[in-house]
Amino acid sequence: MSKEIPYKIYLEENEMPRQWYNVRADMKNKPAPLLNPGTLKPCTLEELSHVFCEDLAKQELDDTTAYIDIPEEIRNFYKMYRPSPLVRAYCLEKALDTPAKIYYKFEGNNTSGSHKLNSAIAQAYYAKKQGLKGVTTETGAGQWGTALSMACAYFGLDCQVYMVKVSYEQKPFRREVMRTYGANVTPSPSMNTEVGRKINAQFPGTTGSLGCAISEAVEAATTQEGYRYVLGSVLSQVLLHQTVIGLETQTACKKFDIVPDIIIGCAGGGSNLGGLISPFVGEKLRGEADYRFIAVEPASCPSLTRGVYAYDFCDTGAVCPLAKMYTLGSTFIPSANHAGGLRYHGMSSILSQLYDDGILEARAVEQISVFEAAQQFARTEGILPAPESSHAIRAALDEALKCKETGEEKTILFGLTGTGYFDMVAYQKFNDGQMSDYIPTDEELNESISKMPKVD
């Protein structure tokens, strides 16, 4: 007999994961290796260690170890806000009049307001362990920069953040949270770096992109002694750290006999989606269970649904390694009217491989419909969701309404990656009827895709 499900399922502290799960160990088709852009050969540990902390570089290259111990210092930090709740959306179910059961894993119960802190504290820990002075990074909507500034303050590290210019201007309060925690925040592309000056010359008046900000942050790290670059998404090491989300969810589901039929996450670079689904993907790959996984991306930056699967630069300035991924081309810059994060031109190599293998589905949604879903969720569940998370909400609502039509009693699980209280400019545009949808044309996408490197 199934157990009665409370509104919120909280695990005990001793049920929190002691290890991260590396889904690559169970993947028959491993993600393609990062390539050195100069030699077009797989990056070595030595090469990656010039950019990343050495322990993180090791994690990046490890595709055989299924479980990696979480250091005690990181677990102690996690205890400040983890385990996070798995919530049954009873009120939303009632409002939709659907037979579907809807659950969401809520990652907004920390000052950064998002899941990003799960990896930020890990990367700051390894930087401190290595004896570094500080780290550099990029941030789009600002959640990652906020999380990293908190983590660096905890370990006494300098934190330099290059923030996508359009977000820097639209989200001044997110910027000020970073500064409160001691971070130096620079709008990108800037005139502070060689690659920033080059991008500004090539794209006058550009509002920036994550690819631009990554280029600047990497240059800043490699030209300052005692610094390394850290990234908030895309990389395999980041998805590894984020599996605390999926592992906790998996434990809670087993504790209350919950078996998801559909698992949904928003997708920009892939960190939260990968973190949520990886343990469940592992079950599917090992033949232990079957689930349907859906990645939801913005129609204005549709890397999975309209991109190409090929090697591409991870950054606009073409200074980073090449990754095989679904990509729109590293020179692609999303429209300035795009209100949320999820602005990256490519997708995690892990998720790209899973998508190419048919394990993962993908759909693109337009932002007005995303904010309509956010509004409905806020009015029924009492949480103002981040625009990024609202992409997953949109798909969850759509799947629940399908169940209403068919009478199927499916169980839907999605990731609520964070809160939207720093995104009020976007909500204001939606409420005032000033928000618009923009879908790039094939010609626009082909222009950036045609500039991708040719790798056999």
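This is a predicted model: local features need pLDDT of at least 70, side-chain atom pairs count only at pLDDT 80 or more; totals for chains, interfaces and linings use all residues.
Biologist: In what order do the strands of the seven-stranded open sheet lie?

Modeller: The order is S1-S4-S5-S15-S10-S11-S14, and the pairing is mixed.

Biologist: Which strands stand at the edges, and why is one side of each left without a neighbour?

Modeller: They are S1 (8-9) and S14 (360-365); each has a single partner strand, so one side of each lacks a neighbour in the sheet.

Biologist: Which helix packs on that sheet, and which strands does it touch?

Modeller: Helix H15, residues 367-381, touches S4, S5, S14 and S15. Its direction makes about 100 degrees with that of S14.

Biologist: How do H15 and H17 pack?

Modeller: Their axes are 11 Å apart, at an angle of about 100 degrees. Angles of 65 to 115 degrees count as roughly perpendicular, so H15 and H17 are roughly perpendicular to each other.

Biologist: Which residues make the contact?

Modeller: H15 contributes Ile368, Phe371, Glu372, Ala374 and Gln375, while H17 contributes Ala426, Tyr427, Phe430 and Asn431. By class, six are nonpolar, two polar and one charged.

Biologist: Turning to the open sheet of four strands, what is its order?

Modeller: The order is S8-S7-S6-S9, with parallel pairing. The twist averages 20 degrees from one strand to the next.

Biologist: How many bridges pair S6 with S7?

Modeller: Six bridges pair S6 (residues 134-139) with S7 (residues 158-164). Threonine 136 has glutamine 160 in S7 as its bridge partner.

Biologist: Which strands does H6 lie across?

Modeller: Helix H6 (residues 143-155) lies across S6 and S7, running at about 165 degrees to S6. Helix H8 (residues 172-180) lies across S6, S7 and S8, at about 170 degrees to S7.

Methods
Residues are numbered from 1 along each chain as its sequence is written. Side-chain values use heavy atoms; hydrogens and water are left out. Two strands pair if DSSP finds at least two bridges between them. Helices (H or I, at least four residues) and strands (E, at least two) are DSSP runs, numbered from the N terminus. Contact means heavy atoms within 4.5 Å. Axes are lines fitted to C-alpha atoms, for helices over the stretch in contact, and angles run from 0 to 180 degrees between N-to-C directions. Angles under 35 degrees count as roughly parallel, over 145 as roughly antiparallel, 65 to 115 as roughly perpendicular and the rest as oblique. Ala, Val, Leu, Ile, Met, Phe, Trp, Tyr, Cys and Pro count as nonpolar, Asp, Glu, Lys and Arg as charged, and the others, Gly among them, as polar.
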